[in-house]
Amino acid sequence: QVQLVESGGGLVQAGDSLRLSCAASGRAFSSYHMGWFRQAPGKEREFVATISTNGGSTYYADSVKGRFTISRDNAKNTVYLQMNNLKPEDTAVYSCAAGGGTIYSFSSFYWGQGTQVTVSS
């Protein structure tokens, strides 16, 4: 069992930056690929980014490529999402997930509760 807790969300202006964190408790964090997903009001959850177990490989949605960076610190059982040049369309609840498969075909096993990111224009 893995429990995930996100933090770092908030209200920012367009062009600002935020760093989200997802702290994991439980066993074998380093054995899971990790992902960030988001869900805007009235929309389905969408993929944002994934990172491999050792952090050596990453994969991004086209909408965030070049602006967001996913990273992880296995010693701290934490995965991060650095978000730069935020846009109003990035407004959503951001959730992290632990899973398997590959970073391109991610199968989620565990989810966090999410953190709200709101970007004003």
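In which strand is G99 found? G99 is found in strand β9, where strands are DSSP runs of E with at least two residues and helices are runs of H or I with at least four residues, both numbered from the N terminus. The structure examined here is a predicted model, in which local features need pLDDT of at least 70 and side-chain atom pairs count only at pLDDT 80 or more, whereas totals for chains, interfaces and linings use all residues. Residues are numbered from 1 along each chain as its sequence is written, and side-chain values use heavy atoms, with hydrogens and water left out.

The protein contains 0 helices and 11 strands. Read along the sequence, the pattern is β-β-β-β-β-β-β-β-β-β-β. The radius of gyration is 13 Å, close to the 14 Å that the globule rule gives for 121 residues, so the protein is as compact as a globular protein of that length. For this comparison, the radius of gyration is taken over C-alpha atoms, and the globule rule is 2.2 Å times the number of residues to the power 0.38. The C-alpha trace spans about 40 × 25 × 25 Å along its principal axes.

Buried residues account for 43% of the 121 residues; buried denotes under 20% relative accessible area, exposed over 50%, and partly exposed the range in between (1.4 Å probe, protein chains only). The protein exposes about 6100 Å², of which carbon and sulfur atoms supply 45%. These areas come from the Shrake-Rupley method with a 1.4 Å probe, and for residues only the protein chains shown count as cover. Among contacts (heavy atoms within 4.5 Å) between residues at least 6 apart in sequence, 55% join residues at least 24 apart.

G99 is buried, with a relative accessible area of 2%. Leaving aside neighbours within four places in sequence, G99 is in contact with Y32, H33, F106, S107, S108 and F109. The C-alpha atoms of G99 and F29 are separated by 9.8 Å, the two residues being 70 apart along the chain. S95 is likewise found in strand β9 and is buried, with a relative accessible area of 8%. With neighbours within four places in sequence again left aside, the contacts of S95 are E6, G35, W36, F37, W111, G112, Q113 and G114.

The charges were considered next. The mean positions of the 10 positive and 8 negative charges are 6 Å apart. Lys and Arg count as positive and Asp and Glu as negative, while His and the chain ends are not counted; the place of a charge is taken as NZ of Lys, CZ of Arg, CG of Asp or CD of Glu. Side chains of opposite charge can pair when their charged atoms come close. With a salt bridge defined as a side-chain nitrogen of Lys or Arg within 4 Å of a carboxyl oxygen of Asp or Glu, the count comes to 4 salt bridges.

One of these joins the side chains of E46 and R38, with an N to O distance of 2.5 Å. E46 is partly exposed, at a relative accessible area of 35%, whereas R38 counts as buried at 6% relative accessibility. The side chains of K65 and D62 meet in a salt bridge at 3.1 Å, N to O, and both K65 and D62 are exposed. A further salt bridge links D90 and R67 at 2.8 Å, N to O. D90 lies in the loop between β8 (78-83) and β9 (92-101) and R67 in the loop between β6 (58-60) and β7 (68-73), so the pair ties together parts that are 23 residues apart in sequence. D90 is buried, with a relative accessible area of 0%, and R67 is buried, with a relative accessible area of 10%. Salt bridges with shared partners join R38, E46, R67 and D90 into one network.

Backbone geometry was examined at two asparagines. Most residues other than glycine have a negative phi. N77, in the loop between β7 and β8, has a positive phi near 55 degrees and is partly exposed, with a relative accessible area of 22%. N85, in the loop between β8 and β9, has a positive phi near 50 degrees and counts as partly exposed at 43% relative accessibility.
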